[in-house]
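Try each task before you read its solution.

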Amino acid sequence: MEDYKDETVGISEEPQLGGEGEALGADKYEKAAALPVIIPGVQVANIEEVVKADPDCYELDLNHNRIEKLEKFELLTRVERLYLRWNLIKKIENLHMLTSLVEVEFFNRLTKIENLQNLLKLEKLYLVANRITEIENINMLTNLTMLELGDNKIKKIENIDSLVNLRQLFLGRNKITKIENLDNLIKLELLSLQANRIVKIENLENLTKLTELYLSENGIEQVENLDNNVQLETLDLAKNRLKSIDNINNLVRLEELWLNNNSIDNWKNVEVLKENKTLKTVYLEHNPVADEAMYRLKLRDIAPWLEKIDATLCR
């Protein structure tokens with residue numbers, strides 16, 4: 001699908017000093033010149049040399065190096081963002097002094113979440129594409145608003161009850177079999193559980209602020225238990241085992257509905273979309289109903305307000 005949402009979030013852009021569309025004045029240039037230098041990602045001999053180059057940096061990019069061990073960060077006095085993607089790191093360690101950190105990224109060879117207890121200001125934690133098997137040792141990080149644990153080997157959602165400020169939780173491409181232990185995350189707005197082993201939609205009753213729910217590439221057979229999730233704007237159930245479209249008439253704000261690659265074969269059932277007047281995009285390709293020559297016309301007849309069908313704009 002062309003606009004399929006990639007759950008891997010890119011590195012934040014540098015802060016802009018000017019307002020929206022506003023050119024920087026002379027005084028703002030002076031402020032910009034006074035800011036610490038952002039150390040870019042380059043091939044480095046060792047961490048210590050990079051840190052010594054500017055111990056007052058607020059953003060340290062060590063992506064795409066061959067760093068094997070975390071060490072020599074002691075001189076950093078105000079770093080807020082630390083990027084360590086695509087290295088050879090096997091253990092989180094020696095970060096205890098970096099108490100000003102608000103964002104950390106690891107795409108490495110980690111097998112365990114550990115040694116983060118001093119990083120109490122963390123707001124965004126990326127632990128994508130590692131070898132982590134268990135969610136643990138993050139219960140003290142109560143300022144987290146975004147947690148990314150996609151592409152690991154996690155089997156169970158657990159030990160995140162205290163993360164009450166989470167707004168985005170990414171757990172795609174793991175081995176999770178059940179949606180559970182999310183009751184306390186009442187501020188959650190985005191939940192991604194793509195490409196797991198989930199067979200039932202459940203235990204989302206308390207997540208009344210959810211606007212985006214991604215459950216593609218699982219084994220779900222029925223749309224159900226979304227009665228309380230009336231704020232949903234995007235619902236992704238592509239590549240599951242659905243034979244019908246059920247229980248979405250209460251989703252009065254739904255704009256994006258992705259149901260491609262299922263087994264929906266009954267046009268009478270598709271007619272339930274008449275109730276969802278806010279729908280803008282529907283994906284139904286690679287279902288039996290999409291094999292008919294008049295498929296798009298039939299779908300437009302049911303929901304004439306649609307703007308896009310299967311990544312193609314409606315005319």
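A residue is called buried under 20% relative accessible area, exposed over 50%, and partly exposed in between (1.4 Å probe, protein chains only). Helices (H or I, at least four residues) and strands (E, at least two) are DSSP runs, numbered from the N terminus. This is a predicted model, in which local features need pLDDT of at least 70 and side-chain atom pairs count only at pLDDT 80 or more, while totals for chains, interfaces and linings use all residues. Residues are numbered from 1 along each chain as its sequence is written, and side-chain values use heavy atoms, leaving out hydrogens and water.

**Exercise 1.** Work out how strand 2 is covered and which strands it pairs with.

*Solution.* 
- Step 1: begin with burial; 4 of the 5 residues in strand 2 are buried, so by the cut-off above the strand is mostly covered.
- Step 2: look for pairing, which requires at least two DSSP bridges between two strands. Strand 1 (residues 59-61) runs parallel to strand 2 and is joined to it by 3 bridges. Strand 3 is also parallel to strand 2, with 5 bridges between them.
- Step 3: follow Y83 of strand 2. It stands opposite D61, and its bridge partner in strand 3 is E105.

**Exercise 2.** Find the salt bridges of R81 and describe the exposure of each residue involved.

*Solution.* 
- Step 1: apply the criterion, a side-chain nitrogen of Lys or Arg within 4 Å of a carboxyl oxygen of Asp or Glu. The structure holds 9 such salt bridges.
- Step 2: R81 pairs with E80, with the closest N and O atoms 3.5 Å apart. R81 is partly exposed at 23% relative accessibility, and E80 is partly exposed at 33%.
- Step 3: R81 also pairs with E103, where the closest N and O atoms are 3.2 Å apart. This pair links distant parts of the chain, 22 residues apart: R81 lies in strand 2 (residues 81-85) and E103 in strand 3 (residues 103-107). E103 is buried, with a relative accessible area of 2%.
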